[in-house]
Amino acid sequence: MKKRPLLHKILLLPLSKIYGMVTSVRNKMFDLGILKQREFDVPVIVVGNLAVGGTGKTPHTEFIISSLRHGYHIGVLSRGYKRGTKGFVLAKRESSPHDIGDEPYQIYRKYGHDVTVAVCEDRCKGINEMLRLDPDINLVILDDAFQHRYVKPAVSIVITEYARPLYLDSMLPYGRLRESVKGLNRADIIIVSKCPEGLSPIQYSLFAKNLMLFPYQKLYFSKFAYGSLVPVFQEKAADVPELSWLSNHDAVLAVCGIGNPRPFIKFLKSFEARVKVNLFPDHHNYTRRDIETVVRRFDDMKGSRKMIVTTEKDAVRLVGNPYIPDRIKSHIYYLPIKVEFDRNEGNAFIDAVQKAIK
C-alpha cells in the first residue's frame, strides 16, 4: 500500500478513529436487534465491499445474473449512484444513465429483457415496490448494499481487490474502508478480484491466511478478461480493429472515469500502440469542456491509426453525450470485460450461491 505523508496521517487519522467508532456502534445496534433487519418472501443476494472505489462489484453482479437468469426471475436493485433522480425508479426502454445511474443502466442494457432493474436509496422500499410491480420476481440482487443492513440477505458477497487488500487498509478518510475489517465476518462469500495471472498456491494461501476467515466462509479468486473492441456509436462504426494488430505507429487515447483505472490502462499499454491517458473521477458526467479536452488531445495525437478507447461503464455515459462531434464518433470504442474465476471455480461459486438461497 502507498505510504501516506506524516501531515496527512496527523490530520486524518483522528477522523478515521471517530468514523470507525460510529460505524462500529451502528453495526452493534444491528447485531443486538436494536436496529431491525427485514426479511422478504424472496431470497436476497447482497453484493458489496468494505472499501470505496472500484473492486469490480458490477461485473461480478453481471456474472451472477448471467449464471442464474434462466433459473430465476431476477430483480436487480441499486442505489443508482450519481443519478439525477430521487426515490424509486424502474428501468425502462426510455431510461438513461441520468435517470438510473450508469451501472444500473449498463445492467439494464445487457439483461433488461430477462431481469427487472430498478434503483432506490431505501432498499426495503425498493424491494417492496419491485415485487409489487413484478410479482413473478423470485430472487433479488442488491448491488453495493453490504452496509445497508436493514435488509436481511440470504447470502452476502464481499469483493476485495488483490492489489489493495482490506487487511492493509485503514478507515475513511485516512484510508478507504467504509467499516472495520471485522465487518468481513458478516460475509458468506469473499471474492478477491483483479488477480494477476499465474498465482502460485502459496500466494493463494497467504492471502487467505491474512483475511482470517471463519470455516463457514467461502473464498474465491477472480480476474477480469477483456474482450474485443466494440464501437460506442454503432451507426458510425467502420472496421473494428483488434488491439493486437496495432503497432507503434498507431495511437490510442484511453478515456475513463472509474474507481480504479489501473488494470484498464495496464491492459491497453500491453500492446504496441502508443497510449495517452485522460482520467476522470468515478461515475463522471462528461461536460462540454471535458469533451473539448478529449477531442483536442485526440486531434493532437500522431499515428497511422488513431482511436479513443474507453470502458464499458463510461460508454453508457458517452453514447448519449450531445457534445461529441460526429467526425470522431467512428474512432471511439469501449473495451468490454467479464469475470473469470481462478482455478475454474466459477461453477463452484454459483453452486455456493444457489445452496444459500435455497
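Q: Before anything else, what counts as a pocket here?
A: In this predicted model, a pocket is an open set of grid points where a 1.4 Å probe fits, with protein on both sides within 12 Å along at least five of seven lines.

Q: Which residues are closest to its centre?
A: The lining of the largest pocket has 34 residues, and those closest to the centre are Gly-54, Glu-103, Gly-259, Asp-282 and Lys-313. Two or more lining residues come from each of helix H2 (57–68), helix H4 (102–111), strand S8 (218–226), helix H7 (262–268) and helix H9 (312–318).

Q: And how does that lining divide by residue type?
A: For the largest pocket, the lining divides into 12 charged, 12 polar and 10 nonpolar residues.

Q: What about the second largest pocket, who sits closest to the centre there?
A: The second largest pocket has about 510 Å³ of space, and of the 19 residues lining this pocket, Lys-194, Cys-195, Pro-196, Pro-263 and Lys-266 are the closest to its centre. The elements giving two or more residues to this lining are S8 and H7, and the lining as a whole divides into 9 nonpolar, 7 charged and 3 polar residues.

Q: You mentioned Cys-195; is it buried or exposed?
A: Cys-195 is buried, because its relative accessible area is 6% and buried means under 20%. Cys-256 also counts as buried, with a relative accessibility of 0%.

Q: Switching topic, how many disulfides are there?
A: The count is 0 disulfides, where a disulfide would need a pair of cysteine sulfur atoms within 2.5 Å.

Technical notes: Residues are numbered from 1 along each chain as its sequence is written. This is a predicted model: local features need pLDDT of at least 70, side-chain atom pairs count only at pLDDT 80 or more; totals for chains, interfaces and linings use all residues. Side-chain values use heavy atoms; hydrogens and water are left out. Buried means under 20% relative accessible area, exposed over 50%, partly exposed in between (1.4 Å probe, protein chains only). On a 1 Å grid over the protein atoms alone, a cavity is a set of points where a 1.4 Å probe fits but cannot get out, and a pocket is an open set with protein on both sides within 12 Å along at least five of seven lines; lining residues have an atom within 4 Å of a point. Helices (H or I, at least four residues) and strands (E, at least two) are DSSP runs, numbered from the N terminus. Ala, Val, Leu, Ile, Met, Phe, Trp, Tyr, Cys and Pro count as nonpolar, Asp, Glu, Lys and Arg as charged, and the others, Gly among them, as polar. Grid points are joined across faces, edges and corners, and a volume is the space filled by probe spheres set on the points.
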